[in-house]
2 protein chains.
Amino acid sequence: MKFFFTVCAFVLFTTFSASGHEQVERWERFEVTLAGPQDGNPFADVTIGAEFTNGKEKVKVAGFYDGGGKYKIRFMPQQIGNWKYKTVSNSKILNGKTGSFTCIAPGKDNHGPVQVADTYHFKYADGKRYYPFGTTLYAWTHQPPALEEITLKTLANAPFNKVRMCVFPKYYSHVENEPPFYPFVKKSESKDAKGKIRFEWDVSRFEPAFFEHLEKRIDDLKKLGIEADVIIFHPYDKGRWGFDSLGKENDLKYIRYLTARLSSFRNVWWSIANEFDYVKTKPREDWDAYTKAVVNSDPYRHLCSIHNGSVYYDLWKPEFTHVSIQNGSTVEDFGRAILLKDVFFKPMIYDEVCYEGDLQQRWGHLSGEEMTEAFWQGVIAGTYVTHGETYSNVGDTIFWAKGGRLTGSSPARIGFLRKILEESPGPLELADPWKDHHTATTADSSYYLVYFGKKMQPEWTFNLPKKAGPKAGQKFKVELIDTWNMTIQTLPEIFETDEPVDYRIFDKERRAIRLPMKPYLALRITAYQ
Amino acid sequence: MKFFFTVCAFVLFTTFSASGHEQVERWERFEVTLAGPQDGNPFADVTIGAEFTNGKEKVKVAGFYDGGGKYKIRFMPQQIGNWKYKTVSNSKILNGKTGSFTCIAPGKDNHGPVQVADTYHFKYADGKRYYPFGTTLYAWTHQPPALEEITLKTLANAPFNKVRMCVFPKYYSHVENEPPFYPFVKKSESKDAKGKIRFEWDVSRFEPAFFEHLEKRIDDLKKLGIEADVIIFHPYDKGRWGFDSLGKENDLKYIRYLTARLSSFRNVWWSIANEFDYVKTKPREDWDAYTKAVVNSDPYRHLCSIHNGSVYYDLWKPEFTHVSIQNGSTVEDFGRAILLKDVFFKPMIYDEVCYEGDLQQRWGHLSGEEMTEAFWQGVIAGTYVTHGETYSNVGDTIFWAKGGRLTGSSPARIGFLRKILEESPGPLELADPWKDHHTATTADSSYYLVYFGKKMQPEWTFNLPKKAGPKAGQKFKVELIDTWNMTIQTLPEIFETDEPVDYRIFDKERRAIRLPMKPYLALRITAYQ
């Protein structure tokens with residue numbers, strides 16, 4: 001069987017006159033729809049793609065069959081100006097179609113896709129900083145429409161700018177309902193002797209409605225300024241639908257169909273798998289092939305990583321733009337988050353660090369304080385942390401599972417931290433990484449964020465690391481942050497740095513700050529002219 | 001210039017009668033000495049090597065010029081039986097020489113070279129476990145003979161079975177004396193206007209006496225059962241001799257000469273560099289070439305790693321058999337050592353974690369308690385830690401620098417831990433790695449070592465992780481270990497496991513142990529028939 005989006009390797013250049021002046025924002029989606037053959041199996045039989053050019057750049061994109069005789073080619077222009085395209089297909093009627101559009105400046109809420117910046121951090125394509133504050137909504141797009149709308153309303157008022165979400169439906173405790181859509185055409189549905197539903201799929205035919213729905217939800221997230229961390233495979237099927245055991249060839253076809261549909265969505269990130277090592281149906285060596293297939297099928301090179309259960313993947317491989325790791329212990333205490341960061345030379349997202357909730361399972365019963373602490377531990381170390389909520393109130397949809405409403409106490413505090421980080425002059429790093437796990441700074445040492453964690457102390461002597469520290473005579477103001485009660489109090493003292501003593505810089509008069517006897521305090525220390 | 005040990009790529013097989021019956025223990029060193037040309041520059045002009053075979057295996061080894069017209073070829077037989085060899089050289093007089101010897105069973109203290117075992121651990125080639133308990137003696141072989149002998153006496157009574165040591169002399173605080181030997185032939189020595197000695201070397205000619213001395217010291221370590229972790233490059237030259245800035249071509253020649261001389265020493269490990277990132281004279285990309293040169297020149301594939309300053313090398317690369325990392329913070333507290341172990345899938349040696357001593361520098365003033373704690377933190381997490389001592393008593397040679405005597409309080413405690421580990425049924429791993437950082441176990445869950453660290457607590461309820469834990473009804477005896485006072489006390493109670501509760505296994509009667517209010521306690525919990 002020849003698969004239609006594998007054959008897009010063509011090189012052509014034809015000059016042709018502009019046909020119309022459709023306008024598309026930079027980093028928005030331009031879509032061509034063409035009528036083509038419906039006979040046979042168009043998913044398997046027909047290849048479709050196009051080359052887009054603005055005269056300088058050429059971008060080859062795969063198209064896809066969208067059912068009902070419709071073929072689509074989607075493109076995300078990365079440069080302003082006139083673009084034209086020409087299609088290539090093994091179907092005469094679809095081949096050689098040309099067209100053009102004008103890419104205009106992005107609107108005010110369109111900053112482009114998120115990219116790696118400064119080795120360990122992120123920026124939108126337009127240069128605006130992006131600090132990931134994600135949450136987990138594995139199966140939110142597999143719920144009844146009313147619940148999905150509630151989830152979107154929740155997100156509109158929540159502090160999160162990234163959502164981890166599965167393409168395939170999830171079967172797990174607290175997520176047992178049938179989804180409204182399936183990714184493949186259903187051949188049959190029957191009940192076995194025990195009353196369990198048995199599905200038979202035509203895996204050679206995708207179900208466009210499933211993908212259209214997914215796309216609508218990704219666009220809904222985009223409107224809220226939220227990145228969709230799209231999980232391509234996961235282990236939560238357990239024979240219910242069999243979407244975790246399609247076989248390698250079908251997995252690769254699924255990847256090509258998915259990437260043909262979604263690569264033009266600027267807020268998409270690829271998460272090759274959730275808990276890849278718990279997917280018992282796929283050998284470890286195949287994950288390299290899946291990862292390469294995603295990267296090679298994505299002309300825009302969206303952010304890409306793979307999430308682990310208990311064994312990490314080889315995240316140093318160049319296909320992975322950032323590190324997505326499950327390991328709650330990394331952000332439970334000081335001095336840990338930095339250790340993995342030192343290894344990878346990539347942005348670190350601790351994408352699963354247990355969840356705020358009250359489940360019996362230990363991964364699902366962090367207190368709000370613990371979840372908040374995890375975020376501070378990660379951020380202080382120049383890394384990022386992802387939220388999840390697992391309260392099992394009666395009738396609750398459990399946010400982490402199906403979406404719905406947030407009831408935990410950490411989201412407001414996470415929002416408070418996000419605001420502090422977004423007000424900072426740049427991304428944070430530990431100022432003296434192996435010796436002082438409390439003090440983060442920005443590149444120019446004009447700004448420090450000191451976090452004390454659970455431990456209370458009656459006072460803090462003004463002191464900063466000597467390493468890349470300020471010169472003597474620099475004045476600083478200090479703000480006392482209560483990370484739990486979300487207050488920021490400017491202290492009246494202005495401190496002035498002395499010459500370093502061994503590894504630290506003190507105030508000229510060795511002055512100290514009186515601290516309230518509360519846990520979860522932090523200090524924001526800012527250069528003062 | 002053609003370099004003599006690069007040309008050893010020959011394939012030949014000649015049957016010839018056994019000439020003599022020299023006997024060499026398995027994993028010991030067989031050496032052929034041949035007389036050859038002395039004119040020109042034999043180091044540069046003459047190639048010499050040999051192929052050894054026992055009929056099944058063929059091993060190609062490089063030889064080397066040892067001065068005075070002597071050429072040597074060294075070989076470490078890895079199989080018992082008859083071996084024969086034939087030389088290959090571009091010098092007619094050295095070419096085609098044949099000989100043989102018999103490899104006999106190893107003596108009782110000869111366990112062969114250390115190799116990786118069970119992914120994260122080590123064994124000698126004969127299967128005996130090897131748990132690295134190293135110390136640091138960077139410049140000990142560059143001292144007056146009397147001091148070197150004192151160092152050896154110290155090591156004979158110390159608990160260390162690995163020594164990190166530099167090939168090249170070291171110039172650093174506390175190590176400022178001229179070494180007795182230099183690796184290259186000295187062309188001139190003069191004093192500049194400031195009285196500083198300026199050396200000029202003929203880097204195309206090695207100084208055999210330097211290497212013979214190094215070899216003698218490596219053999220001295222072997223007699224003591226100590227592995228020599230040989231540091232090939234280091235940054236502690238600073239223009240004094242210029243051995244850190246020979247240029248890449250000369251560096252590679254030096255590697256080939258060194259490996260031709262030392263690969264047959266069974267107790268050699270390769271440390272490509274100490275603090276590679278502080279060697280400012282070599283670009284980062286060259287370290288791959290140096291590493292490959294070492295690995296390709298070593299027919300026995302001795303253990304090989306590279307040690308960092310503040311930036312880690314890409315230690316996942318296949319040339320590195322284990323991870324050698326400097327970062328004291330990894331073993332300062334619970335929950336850290338395991339984090340890097342999860343990444344690399346190789347044995348982890350935290351080869352520099354600051355030193356016990358009283359230097360002003362923070363890397364040189366751990367207390368004995370802190371140094372001991374670092375070892376326990378590492379071992380509990382299934383990793384290994386290396387000692388160093390930096391007390392600066394008047395007239396002291398500072399063990400870490402020049403060798404001499406140990407005065408610290410940690411070595412005895414490290415020896416106590418080594419004994420505990422060597423008495424265990426196998427290497428340790430955290431039983432429940434991300435959730436319980438106190439409890440190590442061996443593969444069969446018949447043995448647990450629980451470490452409490454600095455924190456004191458009045459009692460400990462018998463409990464073990466459910467993960468891979470013992471079945472209900474298993475009896476255990478418990479010994480109370482005082483890791484600082486080096487006592488082991490068997491407790492009278494015999495505990496019996498109940499069915500697991502959530503993630504833990506308790507005693508059937510929920511019994512607890514009364515603990516003395518002391519820090520640094522541990523429990524050894526052993527299955528009891």
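Predicted model: local features only at pLDDT ≥ 70, side-chain atom pairs only at ≥ 80, totals over all residues.
Two strands pair if DSSP finds at least two bridges between them. Strand E8 (residues 114-117) of chain A and strand E9 (residues 121-124) of chain A are joined by 4 bridges in the antiparallel sense. If you look for one of the facing pairs, Gln115(A) has Lys123(A) in E9(A) as its bridge partner. The hairpin of E8(A) and E9(A) has 3 residues between the strands, and Asp118(A) takes a positive phi near 55 degrees there.

Now step back to see how chain A is divided. Its domain assignment gives domain 1 (4-104), domain 2 (114-176 + 208-423) and domain 3 (429-528). Between domain 1 of chain A and domain 2 of chain A, the C-alpha centres are 30 Å apart. These two domains touch: 15 residues of domain 1 of chain A are in contact with 12 residues of domain 2 of chain A. On the side of domain 1 of chain A that touches domain 2 of chain A, the elements giving two or more residues are strand E4 (58-65) and strand E5 (70-75) of chain A. E4(A) gives the most to that side, with 6 residues. Sorted by class, the residues on this side of domain 1 of chain A are 8 nonpolar, 3 polar and 4 charged.

Strands E4 and E5 also take us into a sheet. In chain A, 7 strands make an open sheet with mixed pairing, in the order E1-E7-E6-E3-E4-E5-E2. Its edge strands are strand E1 (23-25) and strand E2 (30-35) of chain A, and each of them pairs on one side only. From one strand to the next, the twist averages 30 degrees. Within this order you can pick out strand E6 (residues 81-89) of chain A and strand E7 (residues 98-104) of chain A, which run antiparallel and are joined by 6 bridges. There, Trp83(A) stands opposite Phe101(A) in E7(A).

A second sheet can be followed in chain B. Here 5 strands form an open sheet with parallel pairing, in the order E10-E11-E14-E15-E16. Strand E10 (134-136) and strand E16 (304-305) of chain B stand at the edges with a single partner strand each, so one side of each has no neighbour in the sheet. Strand E11 (residues 162-166) of chain B and strand E14 (residues 227-233) of chain B run parallel and are joined by 5 bridges. One pair to find here is Cys166(B), which stands opposite Ile231(B) in E14(B).

Back in chain A, strand E14 (residues 227-233) holds Ile232(A). Is Ile232(A) buried or exposed? Ile232(A) counts as buried because it has 24 C-beta neighbours inside 10 Å, and the cut-off for a buried residue is 20 or more. Leaving aside residues up to four places away in sequence, Ile232(A) touches Val167(A), Ile255(A), Leu258(A), Trp270(A), Ser271(A), Ile272(A), Ala273(A) and Val294(A). Leu491(A), by contrast, lies 259 residues from Ile232(A) in sequence and 49 Å from it in space, C-alpha to C-alpha.

In helix H6 (residues 337-344) of chain A, 7 of the 8 residues are buried, so H6 is largely enclosed by the rest of the structure. The buried residues of H6(A) are Ala337(A), Ile338(A), Leu339(A), Leu340(A), Lys341(A), Asp342(A) and Val343(A). They pack against strand E17 (323-326), strand E18 (348-352), helix H7 (368-380), strand E22 (429-432) and strand E23 (436-441) of chain A, together with helix H6 (337-344) of chain B. Just after H6(A), Phe345(A) takes a positive phi of about 55 degrees.

How do the two chains fit together? The contact takes 19 residues from chain A and 19 residues from chain B. On the side of chain A that touches chain B, there are 7 nonpolar, 5 polar and 7 charged residues. Because 100% of the interface residues of chain A are also interface residues in chain B, the copies meet through the same surface.

Definitions and conventions: Residues numbered from 1 in each chain as written. Chains lettered and ligands numbered in written order. Domains from an automatic or database assignment. Contact = placed C-beta atoms within 7 Å. Nonpolar A, V, L, I, M, F, W, Y, C, P; charged D, E, K, R; others polar. Axes fitted to C-alpha atoms, helices over the stretch in contact; angles between N-to-C directions. Buried ≥ 20, exposed ≤ 12 C-beta atoms within 10 Å, placed from the backbone.
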